[in-house]
Amino acid sequence: MCGIVGYIGNKDVLPILMDGLKRLEYRGYDSAGVAILDEGKIKVIKQVGKIAALETELNGNSTSGKMGIAHTRWATHGEPNQVNAHPHTDESGNIILVHNGIIENYNALKKMLVSKGHTFHTDTDTETVAHLISEFFQNGTSFEEAFRAALNEIDGTYGIAMITKHEPEKIYCARKGSPLVIGVGEGENFVASDASAIIAHTRNVIYLEDGEIAIISREGFVTKTIDNKTVTKRIEKISFDLERIEKAGYPHFMLKEIHEQPDTVADAMRGRLIEEEGVAKLGGLTPILHNVLRARKIFITACGTSYHAGLVGEYMLEQYCRVPVEVEYASEFRYRDPIIEDDNLVVVITQSGETADTLAALREAKRKGTTVMGLVNVVGSSIARETHGGTYIHAGPEIGVASTKAFTSQVAALTLLTLMIARTKAMSAEEGRSIVKEMKTLPEKVAQALKTDETVKKIAEEFKEKRNFLYLGRGYNYPVALEGALKLKEISYIHAEGYPAAEMKHGPIALIDEDMPVVVIATRDSTYEKIVSNIEEVKARKGRVIAVVSEGDDKLDKLVDYTIPIPMTRDLLQPIISIIPLQLLAYHIAVLRGCDVDQPRNLAKSVTVE
Ligand code: F6R
């Protein structure tokens with residue numbers, strides 16, 4: 001949520017900041033702004049709306065300079081307008097900063113600052129920080145001391161980049177709960193909330209930890225804690241290529257990412273399957289292997305799409321490992337004081353690795369003394385670093401706000417985990433080999449499922465004006481129904497609900513009439529006959545049924561309005577295939593309705609506020 005990029009070096013800063021902002025736009029896009037320091041003067045330009053609006057605003061401005069900071073905003077405090085757009089300044093205009101996160105005690109701080117004569121111009125929590133630094137600076141301390149003293153007063157979360165006329169050769173950065181990465185160049189350095197903003201310039205980065213600050217200059221950087229203890233940071237290499245964060249000819253990132261899935265599913269499994277032994281190997285779990293294999297209960301905690309993957313995980317872990325599993329939204333888990341024993345395992349699932357609720361749930365689980373493993377996409381993210389051990393899903397950067405490829409990779413990784421645990425328990429080598437063999441066919445089957453695109457587009461055309469959709473599934477396809485409904489509502493703004501199919505008759509059936517499209521995942525699995533009965537119930541009430549069916553199954557052709565045939569696989573792997581036409585359906589409906597698929601209203605990638 002929100003994006004930060006900053007640069008200090010010898011190049012013209014504006015193109016670097018604008019390029020960084022465009023790469024970060026998926027994180028927030030209600031307003032944007034830049035602050036550039038040139039010959040002792042700071043110029044601030046802000047605009048409401050997308051980066052393109054800021055670009056237009058900048059066209060009429062001759063702005064040059066070799067250092068600056070920029071921000072793209074997802075509003076929390078104060079409506080999205082030009083005044084509330086970052087950067088924000090203190091009274092004198094000498095201290096200018098951009099901020100991600102939430103200053104929870106900003107009201108109290110503002111009151112105190114107003115009583116000391118500060119005048120505020122925005123409705124944001126961020127402005128408080130600029131005034132607070134200037135307040136401490138007035139007391140005769142060094143600028144760095146004032147910066148650290150101000151941070152010590154703040155409750156809440158922040159990723160901050162700040163420039164000041166008082167020290168025009170430095171960018172001050174700080175992190176608590178909101179990611180910041182420092183890009184290390186030659187004669188130039190960068191700061192960003194997300195490595196994708198700076199990867200065009202450098203692959204060498206350091207990740208700040210909570211409670212750390214960095215002061216960067218052209219020549220280098222200093223890192224310390226906010227209590228002034230120097231910390232030595234390791235320079236790490238970003239492993240993904242620039243092409244992976246570009247659209248590669250697709251009209252939207254979401255469509256590109258949907259089509260990447262044959263590769264990303266293969267990448268999630270690459271080098272991790274041992275076919276002869278019918279087992280999976282996950283190197284990142286080595287330090288906690290004993291606790292993973294012997295856990296007497298597993299909690300899975302996550303948000304949104306990752307939570308839905310967790311539900312699929314619950315079904316497979318319980319079925320094959322015979323270990324009780326509880327799946328819970330991270331926002332609930334973190335506050336409800338769950339009963340966690342020492343011999344339990346907590347699995348946190350997250351694409352971004354930065355989701356505030358998931359991070360807090362992870363910390364809560366660690367506080368209770370249990371082992372926490374991560375299933376994470378973004379390498380080096382906060383959650384990846386804070387877990388005791390974990391598995392990267394290797395889906396590559398996911399830019400589309402609606403999560404697609406992360407889901408299939410998460411389910412693939414959960415299957416690996418299941419295999420690994422189950423083979424130390426009751427699962428035979430033969431059964432393990434059979435699952436491994438089937439897993440190896442998944443990339444091809446995903447590619448096959450993508451061929452439903454034309455059929456799905458026609459269905460989208462017919463149903464695009466409907467106001468409500470119901471999604472039904474049973475067993476492993478129940479979480480797929482939830483995920484399909486989430487995809488539709490978040491990018492097309494059509495109300496959609498996912499239900500376990502049999503639950504329909506306990507309420508939602510009242511909604512069904514000829515105007516209600518019902519998407520049913522009715523692949524040939526152990527629940528097939530039951531779901532056919534549920535379809536009959538919908539048709540008896542004149543509902544319109546779109547059924548995702550197994551290739552070669554023509555039994556439903558006469559009963560339903562549309563069928564979307566997809567390849568069959570084993571029950572536990574089916575979600576990886578079944579979700580594909582539902583992602584495509586949501587995509588095409590949204591495009592046909594003229595929605596901005598990659599930047600749906602009110603949403604942002606990576607929810608770093610609670
Ligand atoms: C839905 C979506 C969100 C995320 C959720 C968790 O398409 O993108 O529901 O799944 O915000 O995000 P991560 O997985 O980054 O923790």
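1. R322 is exposed, with a relative accessible area of 64%. Exposed means over 50% relative accessible area, buried under 20%, and partly exposed in between, with a 1.4 Å probe and protein chains only. R322 sits in the loop between helix 9 (304–321) and strand 18 (325–329). Its phi is near 55°, a positive value in a residue other than glycine. Helices (H or I, at least four residues) and strands (E, at least two) are DSSP runs, numbered from the N terminus.

2. Ground rules. This is a predicted model: local features need pLDDT of at least 70, side-chain atom pairs count only at pLDDT 80 or more, and totals for chains, interfaces and linings use all residues. Residues are numbered from 1 along each chain as its sequence is written, and side-chain values use heavy atoms, with hydrogens and water left out.

3. Overall build. The protein has 19 helices and 26 strands. Its radius of gyration is 25 Å, close to the 25 Å that the globule rule gives for 610 residues, so the protein is as compact as a globular protein of that length. The radius is taken over C-alpha atoms, and the rule is 2.2 Å times the number of residues to the power 0.38. Along the principal axes, the C-alpha trace spans about 80 × 55 × 40 Å.

4. Burial and contacts. Of the 610 residues, 61% are buried. Contact means heavy atoms within 4.5 Å. Take the contacts between residues at least 6 apart in sequence: 72% of them join residues at least 24 apart.

5. Surface and charge. The accessible surface comes to about 22,400 Å², and 48% of that belongs to carbon and sulfur atoms. Areas come from the Shrake-Rupley method with a 1.4 Å probe; for residues, only the protein chains shown count as cover. There are 71 positive and 84 negative charges, and their mean positions are 2 Å apart. Lys and Arg count as positive, Asp and Glu as negative; His and the chain ends are not counted. Each charge is placed at NZ of Lys, CZ of Arg, CG of Asp or CD of Glu.

6. Helix 1. This helix covers residues 13–24, twelve in number. From first C-alpha to last it reaches 16 Å, close to the 16 Å expected at 1.5 Å a residue. The expected span is 1.5 Å times one less than the number of residues. Nine of the twelve residues are buried. They are V13, L14, I16, L17, M18, G20, L21, R23 and L24. Their cover includes strand 1 (3–8), strand 2 (31–38), helix 2 (51–59), strand 4 (67–73) and strand 10 (189–192).

7. Helix 7. Residues 261–269 form a mostly covered helix, with eight of nine buried. The buried set is Q261, P262, T264, V265, A266, D267, A268 and M269. These residues pack against helix 6 (253–259), strand 15 (273–274), helix 13 (405–422), helix 14 (429–440), helix 15 (442–450) and helix 19 (574–592). G271 follows helix 7 and has a positive phi, near 70°.

8. L285 and I288. Both lie in the loop between strand 16 (279–280) and helix 8 (289–294). L285 is buried, with a relative accessible area of 0%. I288 also counts as buried, at 7%. Leaving out residues up to four places away in sequence, L285 touches V292, M373, G389, G390, T391, L417 and M420. On the same terms, I288 touches T371, V372, M373, H388 and G389.

9. Q410. This residue is found in helix 13. Q410 is buried, with a relative accessible area of 0%. Beyond its neighbours within four places in sequence, Q410 is in contact with T305, S306, A309, I349, T350, Q351, L375 and I393.

10. Backbone points to check. Most residues other than glycine have a negative phi, and most peptide bonds are trans. Y493 has a positive phi of about 65° although it is not a glycine. Y493 is in the loop between helix 17 (478–492) and strand 23 (495–500). At 22% relative accessibility, Y493 counts as partly exposed. The peptide bond from H86 to P87 is cis, with omega near 0°. P87 lies in the loop between strand 4 and strand 5 (88–89).
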